[in-house]
Structure formats: C-alpha cells, structure tokens
Amino acid sequence: MPAFMQAQMGLVNEVELKSLLEQETDSPQTNAASLMEQGSLRERRAKAPRNSVVQSFKIVILSNKLNLLLPFGPLAILVHYLTDNKGWFFLLSLVGITPLAERLGYATEQLACYTGATVGGLLNATFGNVIELIISIMALKNGMIRVVQLTLLGSILSNMLLVLGCAFFCGGLVFSRKDQVFDKRNAVVSSGMLLMAVMGLLFPTVLHYTQSEVHAGSSELALSRFISCIMLVAYAAYLFFQLKSQPSFYTEKTNPNEETSNDNEDPEISKWEAIIWLSIFTAWVSLLSGYLVDAIEGTSVSWKIPISFISVILLPIVGNAAEHAGAIMFAMKDKLDPSLGVAIGSSIQISMFAVPFCVVIGWMMGAQMDLNFQIFETATLFITVIVVAFFLQEGTSNYFKGLMLILCYLVVAASFFVHEHPQHG
C-alpha cells in the first residue's frame with residue numbers, strides 16, 4: 001500500500017512538472033512582451049517631466065490650434081443668459097465642446113504612458129465616451145429619456161460607421177496597393193458582443209409592440225432592468241477576457257525585429273498633471289453638457305430639425321472627435337488593431353455598459369428608463385451591426401470598405417433627418 005501511494009504521488013508530481021514545463025514553453029513571447037512593457041513603463045516613469053503650472057498650461061492649452069475654439073464654451077453660456085436664441089447657443093456649445101473632446105483624448109494618452117498599453121487602451125475607450133455618458137446622465141436627470149436613448153444610439157452608429165469607415169478609407173488610401181490586415185478573431189468576438197447588445201434592445205421593443213406583456217406597463221420595464229444587469233455582467237466578463245486572456249485587443253502588435261515607434265512614447269506631462277487636466281476637462285464638459293441638453297428642444301423648433309437627428313447625428317459627431325482622430329491616425333500608420341480597438345471598442349462600451357448603466361441609474365432616480373428604443377432605432381442598429389460584421393469577417397480592410405461604411409452612415413443620417421420623434425417615456 002505505501003509503495004502504491006508513492007507511485008501515485010510520483011505520477012502526480014510528474015504530471016505537474018510537465019504542465020509547468022508546457023506553460024513555460026508555450027508562453028515565451030507573452031513573458032517577453034510583458035517584460036518589455038514593464039521595462040518601457042519604468043523607463044517612461046523615469047523620464048516623467050516635471051513641469052511648472054505655466055509650462056503645463058502651455059503644453060496642454062497653447063500647443064494645439066484646435067484649442068482656439070475653447071472660448072466658444074464661455075461665449076455659449078454668455079449667449080444663454082443674454083438671449084433666448086437656443087439655436088445659436090446650441091451651435092456655440094457644440095463648437096466649444098469639440099476641443100474639449102480632443103483634449104480629453106490627449107490627457108488620456110498622456111496618462112496611458114504611465115499605465116501601459118493594455119490599461120491605456122481601456123482608458124482611451126472610456127474617456128472617449130465620457131461626453132456621451134455625461135450628456136445622457138444630464139438628460140436623464142431632466143427626464144428626457146428619449147434624448148438619452150437617441151444620444152447613446154447615435155454614438156454606437158457613429159463609431160461603427162463613420163469612425164471605422166474613415167479609418168478604413170484613410171488607411172486604404174495611404175496603403176492603396178495592399179489590403180490592410182487586423183486580428184480576425186477579436187473582430188469576431190466584437191461582432192458577437194454587438195449582436196448581444198442588439199438582442200438586449202430587441203426583446204423589450206418587441207414585447208412592447210406585440211402587446212404581449214404579462215403585466216401591462218410594468219413587464220417591459222422589469223425586463224429592461226433585468227437585461228441591463230445581465231449586460232453589465234457580460235461586459236465585465238468581456239473586459240476580464242480582453243485584459244487578462246486576450247490583451248492583444250487593446251495592445252498594439254509589434255514585430256520584435258522592428259524598431260518600436262517613438263510617436264507619443266515619452267510623456268509630455270506628469271501622471272498627476274494628466275489626472276488634474278482630465279478632472280478639469282471632465283468638469284467643464286459636464287457644465288456645458290447641462291446647458292446643451294436644456295437647449296435641444298428649443299434648437300429643434302428654431303432650426304426645424306427633428307430631435308432624433310440632433311441627438312443621433314450632431315451630438316455624437318462632436319463627442320467622438322477624439323476617437324475619430326485616433327482611429328484615423330492608427331490606420332494611416334498601418335496599425336488597424338488599435339484602430340478597431342478605438343472604434344469597435346467604443347461601440348461595445350456604449351452598448352454593453354453605458355446603455356444598461358443609464359437604465360440602472362434611472363432605476364435609482366425613479367425614472368422609467370428602459371431598453372425599448374422604438375422599432376425604427378432598433379432596426380437601424382440591427383442592420384448596422386450586420387453590415388459591419390460582414391465587413392470585418394475577412395480580417396482585411398481597404399479604402400472601398402471604408403467608403404461603403406461612410407455612405408451607409410450618410411443613409412442613416414438622412415433617415416433620421418426625416419424621422420418623426422415619437423413621444424415615449
């Protein structure tokens with residue numbers, strides 16, 4: 001009996017030893033990449049600049065020509081208090097928020113220099129969507145549930161069609177003699193997540209329009225809240241999968257034999273400066289967004305433009321300015337994986353996190369925010385996800401695919417321009 005136990009223990013030890021050897025031999029590239037990233041992080045932290053307040057202001061505010069539009073924010077607030085012209089105020093607010101969106105992206109990139117590419121990519125996706133999230137929370141606070149739904153929907157459509165389309169188109173023009181390549185496996189996972197988001201919006205909508213609720217007026221809301229919780233759990237699992245199991249989605253794949261790019265490698269401001277500027281820009285965006293939401297209905301009347309067009313098309317174009325620029329720059333450098341991470345990653349974050357998060361926040365506020373996005377909007381999202389999934393399935397892109405996505409966005413924009421805003425919620 002002791003001999004049998006010894007043999008069994010020896011067999012177990014041998015199996016454990018083999019598994020350890022397999023793990024060591026299977027992941028040398030992963031370990032090497034991790035060590036290289038840690039080394040580069042230590043090097044960048046050592047090179048962290050020590051700027052004075054004046055130097056930091058010059059770097060962040062005065063170094064970018066787009067910041068010439070920053071005074072339009074205070075001017076919009078001045079117009080708001082001096083006149084009753086909602087249209088002019090709305091236009092000035094949109095112009096004033098545009099440089100803030102770009103500077104939020106800049107501050108996030110600077111902070112990413114101290115966190116690594118994986119966490120940095122997630123930060124880029126998160127703060128890239130902060131404007132839409134702030135506008136949605138402000139609208140929810142004012143009881144404007146349809147504006148919340150349309151703004152979030154518009155952000156998803158803008159990222160999937162306009163941002164990704166422009167990235168494919170510009171990258172395809174630069175590299176016109178070849179097809180650009182990206183990781184097809186991550187694209188398939190992303191398409192699946194977007195289809196799951198469509199499923200979450202589809203069932204409450206169908207339940208409402210088929211009038212098949214068990215408890216009329218309450219089943220739809222209860223189902224929306226339950227699905228929102230499920231979607232938040234799914235998004236948390238997706239983040240864990242991408243950051244722990246498949247970090248290549250947010251990180252840029254580089255050839256060890258190639259020289260690493262020095263673009264934006266060394267930070268221009270320190271970590272705490274980046275955090276402080278992020279806080280300042282976020283607070284200023286929150287203030288402007290509050291005024292902006294109040295002016296939507298008045299702007300719709302004065303400009304004779306549907307609220308759905310303002311919410312779905314105009315607001316997201318401004319809010320996605322940072323992602324738009326970032327995705328195009330990556331594509332023009334033949335780095336499509338980070339480009340997809342920005343465009344598709346932002347769409348997933350809005351659909352799987354921001355939308356259910358707003359439902360939960362509305363639940364806490366006592367607002368009846370649900371996932372019934374109406375038939376027209378839900379059908380638009382469903383068709384868009386299908387079109388984008390087809391374009392991503394080959395794992396290649398060119399300027400023609402980008403042009404088709406841009407043209408699809410123009411079709412969507414024209415459709416919402418003639419779409420009557422339904423009274424709901």
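**Rings and helix packing in a predicted model**

Student: Which ring does the charged end of Arg 103 sit over?
Tutor: The ring of Tyr 106, with the charged end 4.2 Å from its centre. For that label, NZ of Lys or CZ of Arg must be within 6 Å of the ring centre and within 35 degrees of the ring normal. Keep in mind that this is a predicted model, where local features need pLDDT of at least 70, side-chain atom pairs count only at pLDDT 80 or more, and totals for chains, interfaces and linings use all residues. Residues are numbered from 1 along each chain as its sequence is written, and side-chain values use heavy atoms, leaving out hydrogens and water.

Student: OK, switching to helices. At what angle do H13 and H17 pack?
Tutor: About 140 degrees, with axes 7 Å apart, for H13 (residues 307–319) and H17 (residues 399–417). Axes are lines fitted to C-alpha atoms, for helices over the stretch in contact, and angles run from 0 to 180 degrees between N-to-C directions. Helices here are DSSP runs (H or I, at least four residues), numbered from the N terminus.

Student: And which residues in H13 meet H17?
Tutor: Ser 308, Phe 309, Val 312, Ile 313 and Ile 317 in H13 meet Tyr 409, Ala 413, Phe 416 and Phe 417 in H17, where contact means heavy atoms within 4.5 Å.

Student: What about H8 and H17, what's their angle?
Tutor: H8 (residues 145–174) packs with H17 at about 150 degrees, axes 7 Å apart. The two are therefore roughly antiparallel, a label for angles over 145 degrees.

Student: Back to rings: which residues form one aromatic cluster?
Tutor: Tyr 235, Tyr 238, Phe 353 and Phe 357. The whole structure has 10 aromatic pairs, meaning rings of Phe, Tyr and Trp (its six-membered ring) with centres within 6.5 Å.

Conventions: Phe/Tyr/Trp six-rings, centres within 6.5 Å; stacked < 30°, edge-to-face > 60°. Parallel < 35°, antiparallel > 145°, perpendicular 65-115°, else oblique.
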